[in-house]
Amino acid sequence: MGEVRLKVDLVPKGTHGRRVVRPMSPRYITIHSTQNWTADASRHSLALKRGALRAPKRRGGNRIGYLIWHFTVDDRVAIQHLPTSEQGEHADFDGPGNRYSIGIEMCEHRGSNRAATVERTAKLAAVLMKKHGIPLKNVVPHYHWPRRGASPPNKNCPHFLLDNGRPGAKWRAFRGRVNYHYRRLG
Ligand SMILES: [Zn+2]
């Protein structure tokens, strides 16, 4: 994954978002953006390893009291926090988005190069498609997964790849980039 510049820096097994190991066989890739204007990928990695990203645990909602996902991408690197064989907590509580998808967060801190972040994310998604046999149609925005009890149920995420809060031309262009990189992998 030379071009992706993937760095593996996992949350230690048995701690925080990995206290309970929930096996997963990934069928989808879910794309998010952090909506955090100050933190790059390494800051997110540190926060996850320290257990700083808490969420209220409740029946039908967050299952573990923490947020966790698989990869964070910025304009320089991609960092892996969680093995793709374990479920994250990033999409739709106890729904299929968490049970079957690899979660990728794109950074959007001030001063970062968004085009570079999006392109690195497209490359990473292509590599993961190849590795896990995931079809392009299963590369979805967070919006794809309704969150029971949330308003609106379909989140405007990743907001800068949606049009008026929904998948449109920008999302199609992103999928085009994923497909381009997928084909190049041969
Ligand atoms: Zn999201």
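What covers the buried residues of H1? I opened the predicted model with that in mind. The cover includes strand E3 (71–73), strand E4 (78–80) and strand E5 (101–106).

Next I looked up which residues of H1 (residues 41–50) are buried. I found Ala41, His44, Ser45 and Leu48. Viewed down the axis of H1, these buried residues fall within an arc of 100°, so they line one face of the helix. An α-helix has 3.6 residues a turn, so residues three or four places apart point the same way. I then checked what follows H1. Gly51 does, with a positive phi near 75°.

I turned to the largest nonpolar core. This core has 30 residues. Ile29, Val73, Ile104, Leu124, Ala125 and Met129 have the most contacts inside it. Strand E2 (28–33), E3, E4, E5, helix H3 (114–132) and helix H4 (169–184) each give two or more residues. H3 gives the largest share, seven residues.

I picked out Ile104. Leaving aside residues up to four places away in sequence, I noted among its contacts Ile29, Ile31, Phe71, Val73, Leu124 and Ala125. His32, His70 and Thr121 also touch Ile104. A second, separate core has six residues, including Val11, Tyr66, Ile68 and Trp69.

H3 came last. I read 19 residues and a reach of 27 Å from first C-alpha to last, close to the 27 Å expected. Its buried residues include Arg120 and Lys123, along with Leu124, Ala125 and Met129. The buried residues of H3 pack against E2, E3, E4, E5, strand E6 (139–141) and H4. Gly133 follows H3, with a positive phi near 65°.

Terms used:
Residues are numbered from 1 along each chain as its sequence is written. This is a predicted model: local features need pLDDT of at least 70, side-chain atom pairs count only at pLDDT 80 or more; totals for chains, interfaces and linings use all residues. A residue is buried if 20 or more other C-beta atoms lie within 10 Å of its own, exposed if 12 or fewer, and partly exposed in between; C-beta atoms are placed from the backbone. Helices (H or I, at least four residues) and strands (E, at least two) are DSSP runs, numbered from the N terminus. The arc is that of the directions from the helix axis to the C-beta atoms. Two residues are in contact if their C-beta atoms, placed from the backbone, lie within 7 Å. A nonpolar core is a set of buried Ala, Val, Leu, Ile, Met, Phe, Trp, Tyr and Cys residues joined through C-beta atoms within 7 Å. The expected span of a helix is 1.5 Å times one less than its number of residues.
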